[in-house]
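Here are some notes for a colleague who is meeting this structure for the first time.

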Amino acid sequence: MLNDKRIRIIVGHYGSGKTEFAVNYAMKLIEQESNVALADLDVVNVYFRSREKAKMMTEKGIKVISSAIGHDANLDLPAISAGIFAPLQDETCQTILDVGGDATGARVLAQFKQIINFMGYDMFLVVNANREETQTKEGVLRHIEEIERQTGFKITGLINNTHLLRETTLEEVLKGQALVKSVSDETNIPIKYISAIEKVAQTIPSDVDGEIMPIKMYMREEWM
Amino acid sequence: MAKVLMKGNEAIGAAAIQAGCKYFFGYPITPQNELPEYMSKELPKNDGVFVQAESEVAAINMVYGAAGCGVRVMTSSSSPGIALKQEGITYIAGAELPCVIVNIVRGGPGLGGIQPAQSDYFQSTRGGGNGDYKLLVLAPANLQEMVDMVQEAFDMADYYRNPVMVVGDGMIGQMMEPIEFRTPVKRELPSKEGWATTGTKGNRKPHIINSLFLDPQGLEDHNIRLQKKYKTMKENEARYEAYNMENAEIVLAAYGTTSRICKNAIDKLKEEGINIGLIRPQTLWPFPEKAFQEIPETVKAALTVEMSEGQMIDDVRLALNGKIPTEFYGRSGGMIPTPDAIIDKIKEMLGGLK
């Protein structure tokens with residue numbers, strides 16, 4: 001985690017689990033770093049955005065940036081706070097950009113192109129092999145191509161986040177791992193993380209590519 | 001078939017296509033936009049047609065036209081958009097045409113907000129449009145049930161020649177869950193040949209799709225016939241799930257997302273040794289009255305929980321017919337009840353009962 005570039009951009013097919021990964025990543029990072037910011041750049045979805053967990057993250061010391069008019073503004077308008085520039089410019093700030101789904105959602109990054117390129121970045125693609133459009137190597141490659149074309153940034157790492165929520169099994173995770181591995185072999189993009197709910201994460205063999213990241217389901221209410 | 005993880009709105013689209021829906025006419029509104037977006041992408045690949053109409057009123061009238069031709073057609077919207085469609089809906093019901101209408105409900109009244117709500121219960125079950133008509137109204141509580149219901153909705157619509165409405169709150173449209181596509185229970189569907197406007201080819205008299213009856217006796221006869229059909233629907237289609245009813249002291253009534261929160265509250269109370277039951281209507285119309293008439297003797301009171309200021313409670317009261325006291329707990333405007341708040345309300349009621 002600490003080896004990742006200071007600015008981490010999280011992208012992926014919508015519904016791949018970007019937000020859950022980004023929030024978990026931030027919560028783990030703040031245990032080791034004092035200056036952490038998470039910017040919710042999701043202008044595609046209106047439900048289940050990381051800003052919903054702003055209170056939890058702020059209490060841990062994470063700076064949360066979202067809409068210019070507050071985390072609770074339930075507007076379906078693409079309004080992003082100019083406050084996003086502060087963590088991007090602050091060279092001591094470990095910054096996570098949680099980007100909305102697909103290439104459409106990733107388009108929002110274009111306006112920060114100059115500063116992000118200047119500062120250096122990692123861009124992680126979250127892959128869930130149980131999502132309709134990313135069940136095959138071709139599907140994932142198409143998403144990579146579209147997101148790279150739309151943003152002008154290169155994907156630097158793959159994340160296997162294959163799951164079926166609470167029904168996730170080790171087999172599901174390994175199925176996703178095989179998919180992500182085939183994409184990695186073809187593109188030479190390394191597998192950076194393999195994430196799964198805690199009870200499944202414990203059972204993942206340690207010789208798989210990527211760092212195992214146990215996930216807490218912060219975004220899912222207990223009754224869901 | 002293996003399970004896939006889908007977002008509610010996409011899953012509705014996928015289920016509709018599975019059911020043979022070829023036509024979709026709609027207009028964007030949050031929180032159901034992923035559905036028309038999905039249809040715009042997928043219908044052309046499946047020999048279908050997607051049109052983004054210039055308004056909700058235009059969209060429902062396109063549905064009217066397509067349904068008149070006997071094809072499987074759907075539209076969707078969210079609360080204020082469904083309000084706009086009401087004129088078309090009553091025409092479709094009056095002309096006895098099959099179609100599926102999806103309402104992914106958001107907070108109201110007026111433009112309201114974009115967060116989930118259940119405040120369109122009256123709109124769906126009483127008819128926002130004019131006249132003595134009824135829609136079949138299905139209310140799924142999870143995505144698997146929703147894809148099953150959407151598929152079946154097309155069969156029900158064809159079976160009764162009646163519009164079917166599927167009501168999900170914004171949460172159902174936006175949440176993700178693993179689903180699989182299954183084949184619905186088969187119904188013997190009547191042929192559409194006798195009425196669908198498929199072209200006379202010079203061989204028969206034109207079929208006319210119409211909801212105008214200027215002769216009062218003709219219109220009353222039409223209404224009597226419709227009522228007979230609605231009676232059959234009432235007898236055959238009311239559905240519900242009963243949960244933890246045995247020895248229950250209080251019965252909760254809740255549908256959709258709210259029923260899941262209620263179940264969570266019930267499970268928590270069970271650990272404390274308190275027995276609470278739940279009746280979850282799966283059809284809002286016909287309302288499963290029988291479920292309430294058959295509650296066990298142990299039940300001393302009912303509590304209706306809704307994401308509204310209290311609408312379904314009217315039907316619960318009618319079904320219970322004064323048998324036991326009926327209370328209400330609800331949140332509105334896009335606020336979601338918490339299991340703990342429901343538990344507090346139940347405990348307050350139990351205190352009063354003892």
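Predicted model: local features only at pLDDT ≥ 70, side-chain atom pairs only at ≥ 80, totals over all residues.

1. Helix H3 itself covers residues 56-68 of chain B, 13 residues in total, and from its first C-alpha to its last it reaches 18 Å, which is close to the 18 Å expected at 1.5 Å a residue. At the start of this helix, a side-chain oxygen of Ser55(B) comes to within 3.3 Å of the backbone nitrogen of Val57(B).

2. The buried residues of H3(B) include Ile60(B), Val63(B), Tyr64(B) and Ala67(B), and Glu56(B) is also among them. An α-helix has 3.6 residues a turn, so residues three or four places apart point the same way. The partners against which the buried residues of H3(B) pack are strands S2 (23-26), S4 (73-77) and S5 (99-105), together with helix H4 (79-94), of chain B.

3. Elsewhere in chain B, five strands form an open sheet with mixed pairing, in the order S9-S11-S10-S13-S14. Strands S9 (240-243) and S14 (326-330) of chain B stand at its edges, and because each has a single partner strand, one side of each is left without a neighbour in the sheet. On average, and with direction ignored, neighbouring strands of this sheet are turned by 20° against each other.

4. The pairing of S9(B) with strand S11 (residues 276-281) of chain B is antiparallel and runs over 4 bridges, and here Glu241(B) stands opposite Arg280(B) in S11(B). Helix H9 (residues 256-271) of chain B packs on the sheet, where it touches S9, S10 (250-253), S11 and S13 (301-306) of chain B, and its direction makes about 165° with that of S11(B).

Terms used
Residues numbered from 1 in each chain as written. Chains lettered and ligands numbered in written order. Heavy atoms only, no water. Pairing = 2+ DSSP bridges. Helix = DSSP H or I, 4+ residues; strand = E, 2+ residues; numbered from the N terminus. Axes fitted to C-alpha atoms, helices over the stretch in contact; angles between N-to-C directions. Contact = heavy atoms within 4.5 Å. Expected span 1.5 Å × (residues − 1). Buried < 20%, exposed > 50% of the residue type's maximum accessible area, 1.4 Å probe, protein only. Polar contact = N/O pair within 3.5 Å; in protein donor to acceptor, adjacent residues only side chain to side chain.
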